[in-house]
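Dear colleague,

Please find below the structure I am handing over to you.

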Amino acid sequence: MKVHDLQPAAGSNKGRKRVGRGIGGKGGKTAGRGTKGQKARNTIPAAFEGGQMPLHMRVPKLKGFTNPFRVEYQAINLDTIEASGLDEVEPGSLYEKGLVGKAALVKVLGRGEVTRKVTVKAHAFSKSAEEAITAAGGSVERLPLPWGEGRPPAKGNQFTNR
């Protein structure tokens, strides 16, 4: 036996069924589509539902846009800092007083006024709050954001993030 004598076992290589090639062919006349009717013809779309309102038209569309990179701060005003009686204000001490959440990013806003020297550590400050604290003899320190510089990591995706 030589290499040119090798051939596959009988029946193992079957020819492709070529339908729609006339009555005499392997898949003749109706070409495996049965007899008549909408599905026997080639004009029906894949998502057709028999005249019922199609799924892609029934499903409500997403309205608007949710920014996955949004940074949410918890606001603390100067009058709240004044009322707290703390000399050194930072997210940990504000959490112990119940003024912010546990892992909250804190932003100090300028409502009210500070009458004493206060050291404030927060993630962000409004310009008026910063000026009011330094005018009262206090100091302002910006804490780094947990993810470093630039924008935060995205939350969820466009479908889960509504």
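Strands here are DSSP runs of at least two residues, numbered from the N terminus, and two strands count as paired if DSSP finds at least two bridges between them. Please note that this is a predicted model.

The sheet. Three strands make up an open sheet, ordered E1-E3-E5, with parallel pairing. Strand E1 (73–77) and strand E5 (124–125) each have a single partner strand and stand at the edges, so one side of each is left without a neighbour in the sheet. Between E1 and strand E3 (residues 105–109), the parallel pairing runs over five bridges. Within this arrangement, Asn77 stands opposite Leu109 in E3.

The nonpolar core. The largest nonpolar core comprises 17 residues. Ile81, Val89, Val108, Val120 and Ile133 have the most contacts inside this core. At least two core residues come from each of helix H2 (78–84), E3, strand E4 (119–122) and helix H4 (127–135). Leaving aside residues up to four places away in sequence, Ile81 touches Ile76, Val89, Val108, Arg116, Val118 and Val120.

The segment before helix H1. Arg18 lies in the segment that precedes helix H1 (55–58).

With kind regards

Key:
Residues numbered from 1 in each chain as written. Predicted model: local features only at pLDDT ≥ 70, side-chain atom pairs only at ≥ 80, totals over all residues. Heavy atoms only, no water. Helix = DSSP H or I, 4+ residues; strand = E, 2+ residues; numbered from the N terminus. Core = buried A, V, L, I, M, F, W, Y, C linked by side-chain atoms within 4.5 Å. Buried < 20%, exposed > 50% of the residue type's maximum accessible area, 1.4 Å probe, protein only. Contact = heavy atoms within 4.5 Å.
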